[in-house]
Amino acid sequence: MNAIVVVDKHWAIGCEGKLLFSLPTDMKRFRSLTIGGTVILGRKTLDTFPGGRPLPQRRNIVITHNVDFDREGCEVADSLSAALELTAGTPEDQLWVIGGGSIYTALLPKCRRVFLTMVDAAAEKADTFFPNLDKLPGWSIESASDPVEENGVTYRFIDYINTKL
Ligand SMILES: NC(=O)c1ccc[n+]([C@@H]2O[C@H](COP(=O)([O-])OP(=O)(O)OC[C@H]3O[C@@H](n4cnc5c(N)ncnc54)[C@H](OP(=O)(O)O)[C@@H]3O)[C@@H](O)[C@H]2O)c1
């Protein structure tokens, strides 16, 4: 499976339940990569989407401890292993871990690639982070894009590969 994430220069991803940046070109890339596939997300990240609704044109698997959780258009898993069971038979490159922090951290060892968008700025405040792949054994950079400038920030698309899988 893959993870896809936006980080600041200190690997921060969120603050008080919100994203740190608004990056339209990045959002278009996120959409085109994940559309038609399966996204795996934590319940808190689902609640950050407009109306708490799942992402359209994708199979949404939401992880929550709440066994009574029910949200239209979502498949619910009450554990990481239950989520993985739901993905049985789905091609690995069609599986996308889309956050948030707890789900990235838990599923990272199962990810073959991380499609990272790194913003060349430090968020003023952050409370949620992605693991620093430059410090984790087994991860190396496969490719890095030219810088994109948007909404007053510069960022790059950096693809990491897990050489242990
Ligand atoms: N920068 C990015 O690319 C990006 C992407 C996505 C999200 N984010 C940000 O990340 C933040 C949210 O991350 P987060 O870590 O607070 O929340 P999260 O990972 O989205 O969701 C956490 C919730 O998932 C459920 N959960 C987690 N592990 C579980 C397990 N092993 N078994 C069963 N349920 C489990 C629990 O739901 P229940 O409480 O319902 O039991 C838990 O409260 C927000 O600020 C969001 O904007 C950033």
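Ala-3 stands opposite Val-97 in strand S7, and in strand S8 its bridge partner is Val-114. The model you are looking at is predicted: local features need pLDDT of at least 70, side-chain atom pairs count only at pLDDT 80 or more, and totals for chains, interfaces and linings use all residues. Residue numbers start from 1 along each chain as its sequence is written.

Strand S1 covers residues 2–7. Helices (H or I, at least four residues) and strands (E, at least two) are DSSP runs, numbered from the N terminus. S1 runs parallel to S7 (residues 95–97), and two bridges join them. With S8 (residues 113–119), S1 also pairs in the parallel sense, over six bridges. Two strands count as paired if DSSP finds at least two bridges between them.

How well covered is S1? Five of its six residues are buried, so S1 is largely enclosed by the rest of the structure. Buried here means that 20 or more other C-beta atoms lie within 10 Å of the residue's own; a residue is exposed at 12 or fewer, and partly exposed in between, with C-beta atoms placed from the backbone.

An open sheet of three strands has the order S3-S2-S9, with antiparallel pairing. Its edge strands are S3 and S9 (128–129), each of which pairs on one side only. S2 and S9 are joined in the antiparallel sense over two bridges, and Gly-14 stands opposite Thr-128 in S9.

Thr-128 is worth a look in your viewer. It counts as buried because it has 21 C-beta neighbours inside 10 Å. Leaving aside neighbours within four places in sequence, Thr-128 is in contact with Ile-13, Gly-14, Gly-100 and Gly-101; contact means that the two C-beta atoms, placed from the backbone, lie within 7 Å. Thr-128 and Trp-11 are 117 residues apart in sequence, yet 8.8 Å apart in space, C-alpha to C-alpha.

## Around the ligand

Which residues come nearest to the ligand? Of the 27 around it, these are Gly-14, Gly-42, Gly-99, Gly-100 and Gly-101. The elements giving two or more residues to this shell are strands S1, S2 (12–15) and S3 (18–19), together with helices H2 (43–48) and H4 (101–107).

The shell divides into nine nonpolar, 14 polar and four charged residues. In this scheme Ala, Val, Leu, Ile, Met, Phe, Trp, Tyr, Cys and Pro are nonpolar, Asp, Glu, Lys and Arg are charged, and the others, Gly among them, are polar.

Notes:
A residue is near a molecule or strand if its C-beta atom, placed from the backbone, lies within 6 Å of it.
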